[in-house]
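Good morning, and thank you for making time for this presentation. Please look at the structure as it comes up, and I shall then guide you through several of its features.

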Amino acid sequence: MVNSSSLSDKNKDLSEHQEWPWWPLLPLYPYGRRRSLFRELLPKQIWCFEQLQGLYYVAVPVRMTIVKVTGGLMLVNPLPPTNELLSSLNELVRQYGPVLTIVLPTASGLEHKISMPALARAFPKAGLWICPGQWSFPFQLPLNWLGIPQHRTKILLEEGLPHEDCCLWLSLGPLDIGLGRFQEIACFHKPSGSILVTDALVGIQSDPPELFEVDPTPLLFHSRDRGDQLLDDSLRARRKGWARLVLFASFLRPAYLSIPPILKILRYAFKPGLRNAKAHFGLYPFDWEEGWESSAKELIGDKKPLLQVAPVLERLIFPRAKDSLIKWLDELIAIRGTRWLISAHFSAPVEFRPNQIRDLKRKIIRKNWASAEGNFRFLDNIDKTLVSRGVVPKDPLEIFRD
Ligand SMILES: [Fe+2]
């Protein structure tokens, strides 16, 4: 029989194993404790770790991908290297060889670059490759100051490309986005037929990610309609909570959401059963209006993940640069042997054969691109404000590429 003190010792060990001491650099939920889910995505070729990241229980998984390359492993899209993550990763190292390369393929995705220094320190012999145009705000700092050791770091495209015997690299952008640049370098891993991206494309499905099975609190929290409702667990509640998280992550402030007056929020707070931090003491500042569910269905595939350009990117990065996106999709279509998409968010692997990429391209061409209506209204306001203040260049976005 297991006694309670040995269970609490075990939990303490696990919690130390999941510690991420650098969380104050980007203070996102779940802060200093990052659980990692390890999954084999394509047998003996591609694996991943997933961790939750977000704000106020609006948390979605973020993924680091591990790729088998000649002589060892390549890590793409860094994640915080907790002891838990490193011990599973070292199992792979024992079977498939050392971590040869760590790649940060995005110029702008802060949630992906924040753990590059710690991951680099965990693998002191690995070569580091980063997307050109890394920027820091409010000041442009040298790489060493950002914690990325310059002596073993190379810039993708400008100083060559890693593992070209088994990988093909394709740049989306660069685009001038005022504060810095948007650029993402996708990797086509020939042996597995997989295209690895960071934020450019995602596939979303109705089943909540497996990572929530360990702790479904964020799903249950958002599945409610009022603060005085308990966090009851059921498959229906999990799916409902997941659909709302998808809307938050996609539009930041979805159209069918309003913030109730403070007195209404307080009326439902501090009820019996909810006087705990997990339920945020019953404080629930959201009112979902009729129509939210059908608007979520436009983003979420029922039987399989729905392939799409994330709405945040559509409205804030590509509103005036649709042509660059189409050009990049054409490059992907021209590759022989594409089968899978593995991105740093949402579902993976997602089927991604040339006919599916063509369908996506067609959909983008026909779509009312970067709309200002409905769910897009809030993102549209941000974009218009940035353009009117001169932070983001006016139509069209300047492209740096020669
Ligand atoms: Fe991202």
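I begin with strand S9, where nine of the nine residues are buried, so this strand is largely enclosed by the rest of the structure. Please keep in mind throughout that this is a predicted model.

Let us consider the two faces of that strand. In a regular strand the side chains alternate between the two faces of the sheet. For S9, both faces are covered. On one side we find Arg181, Gln183, Ile185, Cys187 and His189, and on the other Phe182, Glu184, Ala186 and Phe188, all of them buried.

What sheet does this strand belong to? The sheet is an open one of five strands, in the order S8-S9-S10-S15-S16, with mixed pairing. Its edge strands are S8, residues 167–176, and S16, residues 350–351, each of which pairs on one side only.

I turn now to the partners of S9. With S8, the pairing is antiparallel and runs over eight bridges; within it, Leu168 has Phe188 of S9 as its bridge partner. S9, which covers residues 181–189, also pairs with S10, residues 194–196, again in the antiparallel sense, here over three bridges. In that pairing, His189 is bridged to Ser194 of S10. Four residues lie between the strands in the hairpin of S9 and S10, and Gly193 takes a positive phi near 70 degrees there.

Which helix packs on the sheet? Helix H10, residues 322–334, does so, touching S8 and S10. The direction of H10 makes about 175 degrees with that of S8.

Next, the peptide bonds. Pro349 is located in the loop between strand S15, residues 340–342, and S16.

His163 has a positive phi, near 50 degrees, and is placed in the loop between strand S7, residues 153–155, and S8. Leu252 likewise has a positive phi, near 65 degrees; this residue sits in the loop between helix H6, residues 235–251, and strand S12, residues 257–258. Is each of them buried or partly exposed? His163 has 22 C-beta neighbours inside 10 Å, and therefore counts as buried. Leu252 has 17 other C-beta atoms within 10 Å and is therefore partly exposed.

Let us move to Ala310, in the loop between strand S14, residues 306–308, and helix H9, residues 311–316. Why is Ala310 classed as buried? The reason is that 22 other C-beta atoms lie within 10 Å of its own, and the cut-off for a buried residue is 20 or more. Setting aside neighbours within four places in sequence, Ala310 is in contact with Asp199, Val202 and Ser250. The C-alpha atoms of Ala310 and Ala200 are 7.1 Å apart, although 110 residues separate the two along the chain.

Finally, I come to helix H12, residues 377–388. At 1.5 Å a residue, its 12 residues should span 16 Å, and this agrees with the separation of its end C-alpha atoms, which is 16 Å. Just after H12, Gly390 takes a positive phi of about 80 degrees.

Thank you for your attention.

Terms used: Residues numbered from 1 in each chain as written. Pairing = 2+ DSSP bridges. Helix = DSSP H or I, 4+ residues; strand = E, 2+ residues; numbered from the N terminus. Contact = placed C-beta atoms within 7 Å. Axes fitted to C-alpha atoms, helices over the stretch in contact; angles between N-to-C directions. Buried ≥ 20, exposed ≤ 12 C-beta atoms within 10 Å, placed from the backbone. Expected span 1.5 Å × (residues − 1).
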